Amino acid sequence: VDEETYKASTYAPVNIAVIKYWGKRDTKLNLPTNSSLSVTLSQDDLRTHTTASCSSTVEKDSLTLNGKDQDVSGARTQACLRELRRLRKDVEEKDGSAPKLSELKLKIVSENNFPTAAGLASSAAGFAALVRAIADLYQLPATPTELSRIARQGSGSACRSLFGGYVAWQQGDKEDGSDSLAYEVAPASHWPEMRAVILVASAEKKDVSSTAGMQQTVATSALFKHRAENVVPGRMKAMEAAIHDRDFAAFAQLTTRDSNNFHACCADTDPPIFYMNDTSRAAVRMCEAINAAAGNVVCAYTFDAGPNAVVYYLAEHEKEVAGTFKALLGEKTGWEGKRGGAVEAVKKLP
Ligand code: PMV
């Protein structure tokens with residue numbers, strides 16, 4: 001290979017689950033104990049931008065995030081790089097004139113425009129962007145669903161960030177994980193009125209990582225077993241139906257109940273894990289008050305592995321929902337209202 005530099009850049013948006021992934025049946029392959037479903041946020045709001053490049057002058061694989069060196073030797077990152085290089089090798093074997101990029105080291109540069117590891121699904125956008133940037137660099141003929149299988153091995157929730165709109169991750173049942181993939185439930189354009197406001201209760205790094213939290217939950221919570229076996233399968237079907245029917249009341253009820261069920265499982269572990277704090281609970285009460293005042297379900301809250309609330313609502317209720325949160329909380333320290341279109345289409349792959 002000559003000294004030419006090959007380069008590709010991409011954005012990947014954050015996704016916020018409305019039916020939560022929590023629990024691994026295989027920690028190496030990131031295979032989940034239940035299916036999950038998410039809404040992809042607009043990449044104008046929260047996203048990772050990643051550039052991948054390679055040339056014969058690059059001496060080792062490297063990754064920087066917001067200018068800081070990251071460890072690439074971890075099993076998750078290595079699994080993604082290995083899979084992508086293998087697919088590139090297939091391309092090179094089929095087309096003898098294709099440059100041997102699979103033999104070069106990679107330089108990966110990522111920027112997040114939101115706090116990392118604060119329960120804002122940073123790893124989801126991060127691994128999705130990393131996988132797609134390298135796939136573009138390698139000119140792989142892979143569909144988003146195929147890339148989701150690779151991104152999943154970086155971070156489970158990342159497999160859902162390869163699509164815009166409403167996205168499901170089917171747990172699959174094969175041991176090798178080949179059927180544990182993401183697919184589009186509906187494009188963003190199906191329900192363009194959907195909005196999300198994110199209330200940042202704390203931008204600190206969370207104290208129990210999702211991996212550690214899941215491990216502890218699977219090992220010690222009896223409630224979790226009930227969730228995975230009896231609760232989530234029915235909710236996945238009901239949520240897909242609510243999205244297809246654009247039934248906000250059903251969507252909202254499933255979303256808040258699933259968030260509460262997930263956090264109940266966290267509290268049921270030994271020792272208990274508390275991701276939500278007093279500020280989070282104030283946001284829950286606020287949503288209930290907004291719905292009561294509207295006489296209708298106009299907003300739905302959900303919390304990931306951190307204290308920040310994501311509140312979904314429809315554009316027609318912007319004033320009641322986002323307006324109320326802004327008016328009441330805008331002045332307080334510790335809260336940063338960030339709002340915007342939830343589900344605009346994601347930039348198409350080149
Ligand atoms: O992908 P991970 O390992 O960061 O786990 C994400 C877990 C939740 O955000 C709490 C739920 C989800 O489905 O995104």
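**Sheets, domains and ligand shell of the predicted model**

Within strand S5, Val39 is the residue bridged to Ile16. The structure is a predicted model, in which local features require pLDDT of at least 70 and side-chain atom pairs count only at pLDDT 80 or more, while totals for chains, interfaces and linings use all residues. Residue numbers start from 1 along each chain, following the sequence as written. Helices (H or I, at least four residues) and strands (E, at least two) are DSSP runs numbered from the N terminus.

A second open sheet comprises five strands with mixed pairing, ordered S1-S6-S9-S7-S8. Strand S1 (6–13) and strand S8 (68–70) are the edge strands, pairing on one side only. In this sheet the twist averages 20° from one strand to the next. Strand S6 (residues 47–54) and strand S9 (residues 106–112) run antiparallel and are joined by seven bridges. Within S9, Asn112 is the bridge partner of Thr48.

Helix H1 (residues 75–94) packs against helix H3 (residues 144–154) at an angle of about 155°, and their axes are 7 Å apart. Axes are lines fitted to C-alpha atoms, for helices over the stretch in contact, and angles run from 0 to 180 degrees between N-to-C directions. H1 and H3 are therefore roughly antiparallel (over 145 degrees). H1 contributes Arg76, Thr77, Ala79, Cys80, Glu83 and Leu84 to the contact, and H3 contributes Ile150, Gln153 and Gly154; contact requires C-beta atoms, placed from the backbone, within 7 Å. Four of these residues are nonpolar, three polar and two charged. In this classification Ala, Val, Leu, Ile, Met, Phe, Trp, Tyr, Cys and Pro are nonpolar, Asp, Glu, Lys and Arg charged, and the others, Gly among them, polar.

The chain is divided into domain 1 (6–189) and domain 2 (194–341), with bounds from an automatic or database domain assignment. The C-alpha centres of the two domains lie 25 Å apart. The ligand is surrounded by 15 residues, the closest being Ala17, Tyr21, Ser157, Ser210 and Asp304 (C-beta atom, placed from the backbone, within 6 Å). Helix H2 (122–137) and helix H4 (210–220) are the elements giving two or more residues to this shell. Six of the shell residues are nonpolar, seven polar and two charged. Because domain 1 and domain 2 both supply residues to the shell, the ligand lies between them.

The peptide bond from Asp270 to Pro271 is cis, with omega near -5°, and Pro271 is placed in the loop between helix H6 (248–267) and helix H7 (278–294). Asn30, although not a glycine, has a positive phi of about 55°. Asn30 occupies the loop between strand S3 (24–26) and strand S4 (31–32).

How values were computed. Angles under 35 degrees count as roughly parallel, over 145 as roughly antiparallel, 65 to 115 as roughly perpendicular and the rest as oblique. Two residues are in contact if their C-beta atoms, placed from the backbone, lie within 7 Å. Two strands pair if DSSP finds at least two bridges between them.
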